[in-house]
Amino acid sequence: MTDATLHPDRLFPTDPTTRRLARDLFQTVETLPIVSPHGHTDPAWWGENPAFTNAADLFVIPDHYVVRMLVSQGVPFEALGIGAKADPRAVWRTFAAHYHLFAATPSRLWLDHAFQTVFGLTQRLTDATADTFYDTIGEALATPAFRPRALYDRFNIEVIATTDSALDDLAHHQTVQDSDWTGRVVPTYRPDACVDPAFEGFAANVDTLGALTGCDTTTWQGYLEAHRKRRAYFIAMGATATDHGHPTAATLDLPEAEATALFDRVTRGAASAQDAEAFRAQMLTEMARMSLDDGLVMQLHAGSSRNHSTQVHRAYGRDRGFDIPARTDWVGGLGPLLNAVGLDPRLTLILFTLDETTYARELAPLAGAYPCLKLGPPWWFHDSPEGMLRYRERVTETAGFANTAGFNDDTRALCSIPARHDMARRVDCTFLAQQVVTHRLSEEEAARLAIDLAGGLARKAYTL
Amino acid sequence: MTDATLHPDRLFPTDPTTRRLARDLFQTVETLPIVSPHGHTDPAWWGENPAFTNAADLFVIPDHYVVRMLVSQGVPFEALGIGAKADPRAVWRTFAAHYHLFAATPSRLWLDHAFQTVFGLTQRLTDATADTFYDTIGEALATPAFRPRALYDRFNIEVIATTDSALDDLAHHQTVQDSDWTGRVVPTYRPDACVDPAFEGFAANVDTLGALTGCDTTTWQGYLEAHRKRRAYFIAMGATATDHGHPTAATLDLPEAEATALFDRVTRGAASAQDAEAFRAQMLTEMARMSLDDGLVMQLHAGSSRNHSTQVHRAYGRDRGFDIPARTDWVGGLGPLLNAVGLDPRLTLILFTLDETTYARELAPLAGAYPCLKLGPPWWFHDSPEGMLRYRERVTETAGFANTAGFNDDTRALCSIPARHDMARRVDCTFLAQQVVTHRLSEEEAARLAIDLAGGLARKAYTL
Amino acid sequence: MTDATLHPDRLFPTDPTTRRLARDLFQTVETLPIVSPHGHTDPAWWGENPAFTNAADLFVIPDHYVVRMLVSQGVPFEALGIGAKADPRAVWRTFAAHYHLFAATPSRLWLDHAFQTVFGLTQRLTDATADTFYDTIGEALATPAFRPRALYDRFNIEVIATTDSALDDLAHHQTVQDSDWTGRVVPTYRPDACVDPAFEGFAANVDTLGALTGCDTTTWQGYLEAHRKRRAYFIAMGATATDHGHPTAATLDLPEAEATALFDRVTRGAASAQDAEAFRAQMLTEMARMSLDDGLVMQLHAGSSRNHSTQVHRAYGRDRGFDIPARTDWVGGLGPLLNAVGLDPRLTLILFTLDETTYARELAPLAGAYPCLKLGPPWWFHDSPEGMLRYRERVTETAGFANTAGFNDDTRALCSIPARHDMARRVDCTFLAQQVVTHRLSEEEAARLAIDLAGGLARKAYTL
């Protein structure tokens with residue numbers, strides 16, 4: 001059996017002097033509380049605090065990073081319990097037998113971190129250790145110390161945001177607030193389902209929005225008013241932000257009459273693909289205007305080609321690892337929104353891209369000029385050691401640090417949250433140490449910035 | 001005279017600890033046999049085993065990397081014996097006088113490696129040493145030890161693939177198989193000349209394809225059957241792969257009737273540029289379907305704007321260094337093919353790009369999901385130390401190592417083959433050593449991966 | 001108060017051996033004269049040699065890098081004396097209070113360098129030191145030693161080019177030539193105002209061009225002749241180059257009749273956006289043809305989306321930090337020009353991009369083939385330590401060093417000129433040292449190349 005204990009110097013620079021400095025910086029931020037302003041944990045975990053069932057259900061089946069890698073090497077979805085029933089221990093053994101595929105990927109760093117720090121498992125996961133892992137994890141999960149709220153406390157989380165449909169009743173959030181548990185869980189207003197005409201069930205969703213708010217969502221103004229009311233409800237429940245997942249970064253600022261006509265087309269179900277794109281684009285500007293009034297911080301996650309394989313989508317559903325990044329035009333796309341409200345000091349708009357080529361060419365120049373813009377951390381495929389370093393190297397020289405929004409883990413994998421913040425802090429300390437050793441920053445500045453990057457910038461950007 | 005002896009630590013990391021580790025890893029793979037699954041050596045070399053004539057004909061005139069650099073600095077094509085007769089010694093002297101231009105390029109590393117390891121020349125090539133080099137090389141070439149088959153044996157090549165027109169009779173391959181030489185030379189099915197309506201002589205090529213196979217290539221089904229038969233011939237001659245050189249990554253999966261109509265248009269010579277693109281796109285999907293049946297591994301080299309200078313093309317012909325990379329849309333382009341056959345475990349499709357921006361954004365996410373996809377090594381302009389490092393840094397975190405196809409040298413420059421594999425092994429060991437020193441891989445894993453990258457992955461991907 | 005003395009090893013590599021070598025290389029180029037073949041200093045400085053007024057007018061208000069960063073963090077333009085009158089000391093204090101924003105940006109390295117080496121100020125600029133800085137700088141500026149010509153001499157500038165409208169009378173250049181000051185200031189022919197139909201006042205500018213040259217600029221041929229005459233005037237005044245600032249890299253080579261018709265449309269004011277783009281494209285090829293005859297080196301700065309915020313443009317004017325890079329298609333764009341004159345040894349065309357993705361994919365392959373092409377240094381947002389390293393790493397392996405045009409500072413910030421050349425020399429020595437330590441270059445080669453990169457290549461490319 002191979003020892004896989006995490007090395008305390010992992011991810012630090014290779015040069016000894018720089019490594020020493022990175023290690024010193026990291027020690028000052030390693031145990032700071034976790035600020036998690038964007039992610040996809042299940043509100044039911046926080047509201048109902050259920051026990052997780054087994055290692056396969058916790059680590060394999062819901063993790064699209066893991067599933068896609070196994071599928072890419074010929075493992076059928078069915079062997080992973082997707083699209084067919086499967087014995088969870090068998091799923092786990094399949095995973096373990098292929099765990100070598102994750103060598104040099106961030107997934108392995110996250111998984112190893114969770115195995116070790118959450119479950120005390122320090123051997124390498126292989127065929128030979130699969131059952132030990134499965135049993136150890138399963139036994140732990142049956143105990144109170146491994147329920148979601150206990151993990152929240154143990155992980156030293158200060159605040160965590162969930163991502164919630166605009167139509168969600170936020171009942172689990174209410175349960176948390178009514179409980180005597182002290183964890184802080186806030187919702188995020190994600191209106192895609194009733195903003196994107198291409199979303200499944202869009203028309204029905206708009207009707208529901210009307211019913212929930214008592215607004216006449218058959219008219220453009222009534223529809224906008226419904227969003228305003230719903231946002232107010234989310235704010236009352238603790239939300240500080242909205243989130244928008246769009247295929248492109250297109251925005252529009254149409255004259256009232258055109259916007260009304262567009263709304264009529266998309267809600268009558270007569271929308272072309274172009275209409276749908278235009279409506280999403282217009283709604284980003286409308287949401288930005290609402291933010292001027294109600295103060296919600298706006299997030300835009302743009303550029304994912306969802307469900308690239310229609311076969312996989314049909315047979316196995318969404319979020320199975322077949323969402324592929326697309327080129328994104330931020331400069332042209334954001335123009336209308338920025339010209340409408342981009343200089344208003346009340347707006348914060350945080351941008352997330354899957355197109356790294358835009359870091360230095362588009363995003364840093366935009367965020368380094370417009371007062372409303374902040375850059376979110378490296379997203380999804382780029383939330384990795386090399387991806388994070390590329391981000392800092394391409395963004396910082398033009399936008400500095402203050403125009404970035406700190407780290408967020410963006411995950412539905414609860415046990416990976418500490419691992420992800422640990423990775424981000426290590427890479428940021430690596431970057432800062434390199435700046436110090438090349439005499440671009442002083443040690444004092446680096447120390448202050450390490451703390452900002454570990455949580456301060458996130459708190460500030462999300463008004464948490 | 002300047003000593004230019006290759007340093008044993010070349011291309012290794014600068015940090016001493018990491019360098020030591022890279023060196024140790026490299027020692028385990030340095031002398032492994034060369035697996036060369038894709039390249040452009042002349043089959044006649046292997047069939048007829050002729051003597052090469054002189055240094056200029058061997059190293060300068062056919063090497064478009066060399067020619068373009070000299071031309072870019074004002075050397076006329078004619079002075080290099082292209083478009084005019086030139087004394088080979090004079091060509092060589094011109095080359096030598098400009099050899100300083102290659103400082104810090106991979107070409108110099110390849111050339112110096114060949115000069116030293118093949119011909120024992122360890123001085124720097126300059127004006128002053130030009131004649132010594134020319135004479136030494138010329139004398140060697142006249143001896144049996146420098147004929148192609150002897151070099152194959154000396155280079156420790158395990159298998160080499162040539163790239164052959166679908167219309168080629170593979171006579172040289174037959175000669176090799178009939179000989180008592182033990183070298184393994186396999187052909188590759190490259191059907192561009194009768195798949196791409198924009199190819200010179202396309203219509204005649206389709207006719208020839210019909211004649212060679214006894215199929216009626218005036219009909220869509222007959223044309224497809226002809227490819228099937230021709231592929232079977234190549235398989236019988238040892239081929240394990242096809243190769244497709246397309247300007248874009250576009251694929252299509254048209255209904256039968258539309259495909260038939262398209263075929264009729266392009267073979268009647270009435271094809272628009274759009275038709276040509278559509279036909280190439282459709283044929284990639286057809287070839288993928290044939291691979292499901294006959295098992296040939298499919299390669300796609302997409303994104304070269306061939307003959308960017310029409311002047312150069314007209315006056316001096318193809319492959320003169322004026323093929324320039326183009327942006328490539330892999331996500332949109334491959335959609336139809338992948339939706340048709342992308343989940344079939346019988347297919348392997350190896351992708352080569354000239355657009356590095358797609359590594360992290362498109363190719364690694366695609367290859368990290370679809371079971372059929374593998375990523376070929378950095379191609380052409382990116383087959384260089386920095387290019388290889390960028391590839392590993394951008395691809396590995398999402399796709400791992402198993403979704404890559406190992407190295408291939410892709411060269412028509414026989415003497416550079418060992419140099420190119422040497423370079424790839426050094427850079428891969430550098431990358432692996434950095435992963436170990438930053439505690440992302442264990443030493444044991446790195447040692448195993450070094451061997452995979454040096455040949456194992458190529459053997460597996462190409463079923464060699 | 002924090003000491004902010006520049007460290008002599010700043011920007012050098014972290015590995016000690018590589019650092020030592022970089023330092024040794026840098027010592028051989030540190031004090032070489034500055035060759036500044038492209039920039040935006042005010043010709044009036046050289047002609048009239050006025051005193052600068054105060055620190056805010058010198059360092060803050062005209063520097064769009066500085067202004068945009070302050071604006072991006074909520075400082076109103078008005079507080080910086082833009083769009084409203086402001087007390088310069090108050091502007092300076094605002095700047096000082098936000099100076100921490102520039103941590104890890106090139107602006108801070110430039111500013112600190114100027115504060116220290118020009119004004120002897122070695123503390124960190126903060127709230128607390130703001131007034132000391134303001135007073136010290138103000139007192140110095142009132143003395144003869146801080147007038148432009150004295151700074152030119154002190155900075156060890158060998159030659160500096162200004163960038164001048166084709167309509168400029170070059171009176172300040174005449175004054176310099178008539179004076180007994182020995183500084184060399186040359187103009188550059190920048191005809192955008194009478195080449196770009198979208199330029200404010202284009203029609204009037206074309207009329208002025210006619211009046212200045214005595215040519216009939218209402219006809220296509222007369223208009224071209226006017227450019228020829230105006231270029232001759234610039235040459236007589238010392239110019240060696242033209243410069244073209246275009247939104248894209250599009251070029252055209254239209255037949256005479258089409259070009260004439262296009263000219264008629266754009267000068268009648270009936271031009272569509274497409275016509276304007278076509279005319280700019282055609283004029284690049286015309287200018288290249290003129291260069292064949294008169295020898296002016298051609299520069300193309302393509303890919304800036306000027307005035308992205310129309311609000312900022314309307315309220316505060318041009319050059320306020322809201323020019324954002326755009327994707328640029330060099331391969332398609334330059335085709336027509338290169339096919340017309342790209343192989344002519346009399347042409348030099350220097351390319352500048354804001355789209356780094358084109359370095360390895362398009363620009364290095366083009367410059368590594370066409371004899372006329374040279375690559376300008378990293379431009380604008382990419383004129384930074386990381387930007388320069390990326391440039392060398394992506395360009396050199398394909399294009400070598402000889403196809404690059406050395407460094408130029410491209411600045412209107414006089415006091416930053418030594419800082420910018422210092423930065424470029426440090427980064428180039430870092431790159432060269434890494435090449436030596438990884439045994440890709442010999443030490444002798446690196447030493448020779450360091451000198452080339454520090455000035456030799458610029459002198460040669462610009463025929464200075």
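How many residue pairs are in polar contact across the interface of domain 1 of chain A and domain 2 of chain A? I get two, both at pLDDT 80 or more. This is a predicted model, so noted.

Next I looked for salt bridges between domain 1 of chain A and domain 2 of chain A, and the count is zero. For that I take a Lys or Arg side-chain nitrogen within 4 Å of an Asp or Glu carboxyl oxygen.

Then I checked which elements domain 1 of chain A uses on the side that touches domain 2 of chain A. Those giving two or more residues are α14 (310-316) and α18 (417-437) of chain A. The largest share comes from α18(A), with five residues. I also sorted that side of domain 1 of chain A by residue type: 13 nonpolar, four polar and six charged.

Backing up to the bounds: domain 1 of chain A comes in two pieces, 16-49 and 155-461, while domain 2 covers 51-146. I have their centres, over C-alpha atoms, 28 Å apart.

On contacts, I list 23 residues of domain 1 of chain A against 22 of domain 2 of chain A.

Last, the area. The two domains of chain A bury about 1,900 Å² between them, and 72% of that lies on carbon and sulfur atoms. I wanted to know who contributes on the domain 1 side: Y316(A), R320(A) and C415(A) supply 30% of the area that domain 1 of chain A buries against domain 2 of chain A, more than any other three residues.

Definitions and conventions:
Residues numbered from 1 in each chain as written. Chains lettered and ligands numbered in written order. Predicted model: local features only at pLDDT ≥ 70, side-chain atom pairs only at ≥ 80, totals over all residues. Heavy atoms only, no water. Domains from an automatic or database assignment. Contact = heavy atoms within 4.5 Å. Buried area = accessible area lost by both parts, 1.4 Å probe. Polar contact = N/O pair within 3.5 Å; in protein donor to acceptor, adjacent residues only side chain to side chain. Helix = DSSP H or I, 4+ residues; strand = E, 2+ residues; numbered from the N terminus. Nonpolar A, V, L, I, M, F, W, Y, C, P; charged D, E, K, R; others polar.
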